[in-house]
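Hi,

Here is the structure I said I would pass on. Have a look at it first, and then read my notes below.

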Amino acid sequence: MQIYLPIAEVSVNAFLLLGLGGLVGILSGMFGVGGGFLMTPLLFFIGIPPAVAVATEANQIVASSFSGVLAHLRRKTVDLKMGTVLLVGGLIGSAIGVQVFRILTELGQVDLLVKLCYVVFLGIIGALMFVESLGAIRRSRKPGAPVKPRKHHSWVQGLPFKMRFRQSQLYISSIPVLLIGAAVGILAAIMGVGGGFIMVPAMIYILGMPTKVVVGTSLFQIIFVTGFTTLMHATQNFTVDAVLALLLLIGGVIGAQIGARLGVRLKAEQLRILLAIMVLGVCGKLAFDLIVQPSELYSIGSAGH
Amino acid sequence: MIRVLAILLAFVAPVAFAATEEVVGALSQNKVSITANFDGSEIFIFGAVKRTAPIPEDIGPLHVVITVQGPRQEVTVRRKERVLGIWVNTDSVTVDEAPAYYAIATTGPLTKILSETERLRHGIGFDKAIRTVGARADVEDPESFTEAVVRIRQKNGLYTEADSAINLREDTLFATSVALPANLVEGSYTTRMYLVRERAVVGTTETAITVQKDGFERWIYTMAHEQALLYGILSIAVALAAGYIASEAFRLLRR
């Protein structure tokens with residue numbers, strides 16, 4: 001069934017979109033990731049204009065992270081104070097990101113920037129996950145091998161403007177928190193992702209937050225940042241496609257439930273290696289397209305945008 | 001005296017005949033609605049030659065040219081070049097006027113049945129429909145950019161040229177069909193029908209097809225552009241509602 005997307009102005013198969021939403025939903029349910037970093041490139045591949053893909057994906061992430069954070073709120077695993085400070089940074093970052101996006105759209109370089117960001121971040125994250133999960137599998141074969149204790153970065157402790165975060169049992173400077181929030185906000189606006197895949201490691205390794213509150217707090221921040229990003233894209237770039245978002249949502253919601261169930265049956269290390277391979281695959285395809293001479297060197301953009 | 005008249009008539013006649021050949025045309029539809037399940041459309045174009053005298057025998061054969069032209073747009077064409085190993089948009093040219101859609105159907109090869117000057121005068125043909133005036137000075141080959149517009153849009157099914165696609169019967173009735181692809185732009189699409197004799201246009205008529213988003217699509221598009229803030233808030237509200245429903249459904253299923 002073909003469906004005409006009013007903002008993207010292309011006609012695509014509705015079942016393909018539901019399927020994509022479902023597929024990424026399964027992955028996000030299995031691996032506990034938002035899935036934006038996989039969905040946005042997939043939308044590029046099926047011919048959705050990158051500007052629309054990025055803005056619409058931000059809208060879809062609002063839904064999936066809201067659904068996730070409700071569960072975490074019930075379990076009381078959200079540090080609201082930490083989330084709010086991250087959020088302040090995030091909103092500033094998002095506003096900057098949307099402006100950068102708009103300027104680059106006018107210069108005709110936005111596709112390049114978005115794709116480069118993807119290649120760099122997917123490459124780094126994919127490689128790290130691959131190495132880490134290979135190590136984990138090796139460790140599990142050699143029982144008794146010592147697990148390295150987690151290091152807390154001391155420079156974070158030395159910064160001024162300290163705040164107490166009761167839920168995270170931390171007394172740290174608000175500067176690194178704001179900076180992490182801002183970095184994730186910029187990425188959210190440019191890449192159309194929630195940024196959880198960057199924020200979660202940053203919260204654990206830089207801030208030293210306890211793992212149990214990390215996911216809920218990052219989801220809490222992501223809702224507001226992606227919501228704000230959606231609003232900024234909608235009012236400045238007119239690139240949020242509600243029909244596209246809705247179709248992806250329906251697939252994503254169903255997929256997430258299936259994924260959560262599948263995830264329980266598989267081993268964590270094997271899951272992570274699968275995810276790493278997939279991330280590297282998407283990264284490789286994007287990099288390949290940038291390096292190999294395209295069959296059409298010219299492209300048409302409307303003058304006004 | 002009679003001989004003079006006869007000679008005069010012989011001169012006037014073809015012109016007079018030509019002038020008395022008028023084209024009457026119609027379309028299968030004057031309105032194309034882009035709705036949610038819009039997947040392209042086909043327009044059937046037909047017409048007849050109206051004459052007050054018999055079909056002239058002593059001048060060249062009758063040809064028909066039909067063009068359908070979408071709204072004119074200003075577009076920016078960009079060219080990629082390899083910079084530090086990756087392909088980056090570098091040069092760009094602004095094309096002042098390029099129709100969003102352009103279809104030509106004829107009874108014979110376009111350049112054979114119509115002269116260059118007539119094509120220029122009536123703006124018939126891809127090369128005549130695209131205008132580049134303000135090409136940036138530092139680009140050496142602005143023509144390659146206009147050629148790229150034609151090439152890319154031909155690939156997308158937006159520009160089509162179908163020689164001998166018009167079925168002309170007894171030099172009087174003609175018909176053809178033109179495909180409108182799914183990736184249409186809204187606006188007024190001008191359909192022009194030309195009668196051609198001896199490489200010159202002898203008669204022409206014009207009708208318009210209105211292409212517009214309709215129903216739900218129209219509503220979303222208008223709101224996204226005219227009430228962007230409300231649209232953004234609504235998008236988020238829908239997302240939050242969906243997230244809430246998903247979370248509740250999840251809980252019910254787990255019980």
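Let's start with a term: buried area is the accessible area (1.4 Å probe) that two parts lose on being put together, summed over both. Before the numbers, a word on the source: this is a predicted model, where local features need pLDDT of at least 70 and side-chain atom pairs count only at pLDDT 80 or more, while totals for chains, interfaces and linings use all residues. Residues are numbered from 1 along each chain as its sequence is written, chains are lettered from A and ligands numbered from 1 in the order in which they are written, and side-chain values use heavy atoms, with hydrogens and water left out.

**Chain B against chain A**

How much area is buried between chain B and chain A? About 4600 Å², and carbon and sulfur atoms give 63% of that. On the chain B side, Arg78(B), Trp87(B) and Phe250(B) lose the most area to chain A, together 14% of what that side buries. The contact (heavy atoms within 4.5 Å) takes in 57 residues of chain B and 52 residues of chain A.

There is 1 salt bridge between these chains, meaning a side-chain nitrogen of Lys or Arg within 4 Å of a carboxyl oxygen of Asp or Glu. Glu248(B) makes a salt bridge with Arg74(A), with the closest N and O atoms 3.3 Å apart. H7(B) brings the largest share of the side of chain B that touches chain A, 21 residues. (Helices are DSSP runs of H or I, at least four residues, and strands are runs of E, at least two, numbered from the N terminus.)

Ala36(B), Glu186(B) and Lys213(B) supply 69% of the area that domain 1 buries against domain 2, more than any other three residues.

The count between these domains is 2 salt bridges. Asp214(B) and Lys31(B) also meet through their side chains in a salt bridge (3.8 Å, N to O).

Happy browsing!
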